[in-house]
Amino acid sequence: MALIITCPVCGKRNGYEFKFGGEEKGPRPDETDLTPKAWCDYVHMNHCVAGVQKEWWCHKDGCGSWFTIYRDTTTNLERQVQKADHQEAEK
Amino acid sequence: MKDIQRVSPVVFKATPLKTEKRNNWEVVMEYSGEGEGPYLVDLSHKPRFDFQDADLAARKPFGIRIPEIYGGSALENGVLANRMNRTQVSLYCIDGQDNTVIPDEPGFTDVTESTMFVALIGKEVFSICEKLTALDFLDPQRKTPFLFQGPFSHVPCQMVTLSRDGDSSGIVLTCSRGYGRDMIHAVINAGEEFNLKPAGENRFTKWIKSL
């Protein structure tokens, strides 16, 4: 099934125009008392959810924006559109 | 050599009939066998700039207004302004103003020599585009002029649809300079069945003034 992704700048586009940027893992951990294992977990370990997960995408063939979407990994369909960070900061 | 030499990334397999030296660019005004259209015109010598500012609404580059909507374009005083996102706008000096230099104020980047720039003009332009991209240039919800940022012949491009009005339909297209030769090859090949021919700047000037 073709993946359609909603870019916050360009609108709905073919998934082939985008680059996957990995799961959304929350903010970078505080470096105070950060153990190598905790850092390694943050960088390399994924949840690999079978269902809806929040993830990063880049519109590499278009406007170049980085943004998050919710995608159902079992159906490969976008579920809920997130605004790009720069738009959230605009509010 | 006393003068710098500027070379367009676009090369056509056609014989120039009339050329002009302008700002160290060799500009072809007319080619032999241009036909009845559609036309592909090299505009790589036209000055182009990217402009960036956190508060675009407060800025008026070249004295023109910047479109508020992402993907919106506006043609004013011969300058085409295309809103790329919240902070960036691309500016093409497409009608006259070939001597425009980068303004002495922050936020401008001159992209003239790092990108290629062509125009596709004529009735069957969108049939040609349809063979090269999945983007919908005839989307009734978009009002001309408007900007697409997306793949054209698999190359990330900026495309501005200036007119969808029958014979005077036309788009301008820009992408990284390095893709120039292959992009022209792909467009000419796709346009062969529609009798697409390379044309000189005179065709473009006539067309842009008719809009």
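Predicted model: local features only at pLDDT ≥ 70, side-chain atom pairs only at ≥ 80, totals over all residues.
Reader: How many helices and strands does chain B have?

Author: The secondary structure of chain B contains both kinds of element. Its count comes to three helices and 13 strands.

Reader: Why is chain B described as being as compact as a globular protein of its length?

Author: For 211 residues the globule rule gives 17 Å. The radius of gyration of chain B is close to that value, so the chain is as compact as a globular protein of that length. The radius of gyration in question is 16 Å.

Reader: What percentage of the residues of chain B count as buried?

Author: A residue is buried if 20 or more other C-beta atoms lie within 10 Å of its own. Of the 211 residues of chain B, the share that counts as buried is 42%.

Reader: Which strand of chain B gives the most to the side that touches chain A?

Author: In chain B, 10 residues are in contact with 12 residues of chain A. The strand that gives the most to this side of chain B spans residues 146-152 and supplies three residues. On this side of chain B there are five nonpolar residues, four polar and one charged. The strand asked for is strand 10.

Reader: In what order do the six strands of the open sheet in chain B stand?

Author: The pairing in this sheet of chain B is mixed. Its edge strands, strand 10 and strand 13 (197-199), each pair on one side only. From one strand to the next the twist averages 30 degrees. The order is 10-11-12-9-3-13.

Reader: Which residue in strand 12 of chain B is the bridge partner of Met159(B)?

Author: Five bridges link strand 11 to strand 12 (residues 170-176) of chain B, and the two run antiparallel. Their hairpin has six residues between the strands, and Gly166(B) takes a positive phi near 55 degrees there. The bridge partner of Met159(B) in strand 12 is Leu173(B).

Reader: What angle does the direction of helix 2 of chain B make with that of strand 3?

Author: Strand 3 (residues 39-42) and strand 9 (residues 115-121) of chain B pair in the antiparallel sense over four bridges. Within this pair, Asp42(B) has Val118(B) as its bridge partner in strand 9. Helix 2 (residues 180-191) of chain B packs on the sheet and touches strand 3, strand 9, strand 11 and strand 12. Its direction and that of strand 3 make an angle of about 165 degrees.

Reader: Does Asp95(B) count as buried, partly exposed or exposed, and why?

Author: Asp95(B) lies in the loop between strand 7 (88-93) and strand 8 (108-110) of chain B. A residue is buried with 20 or more C-beta neighbours within 10 Å, and exposed with 12 or fewer. Because Asp95(B) has 17 C-beta neighbours inside 10 Å, its class is partly exposed.

Reader: What is the average pLDDT of chain B?

Author: In chain B, 100% of the residues score at least 70. The model as a whole scores ipTM 0.85 and pTM 0.89. The average pLDDT of chain B is 94.

Methods: Residues numbered from 1 in each chain as written. Chains lettered and ligands numbered in written order. Rg over C-alpha atoms; globule rule 2.2 N^0.38 Å. Contact = placed C-beta atoms within 7 Å. Nonpolar A, V, L, I, M, F, W, Y, C, P; charged D, E, K, R; others polar. Pairing = 2+ DSSP bridges. Axes fitted to C-alpha atoms, helices over the stretch in contact; angles between N-to-C directions. pLDDT = per-residue confidence, 0-100.
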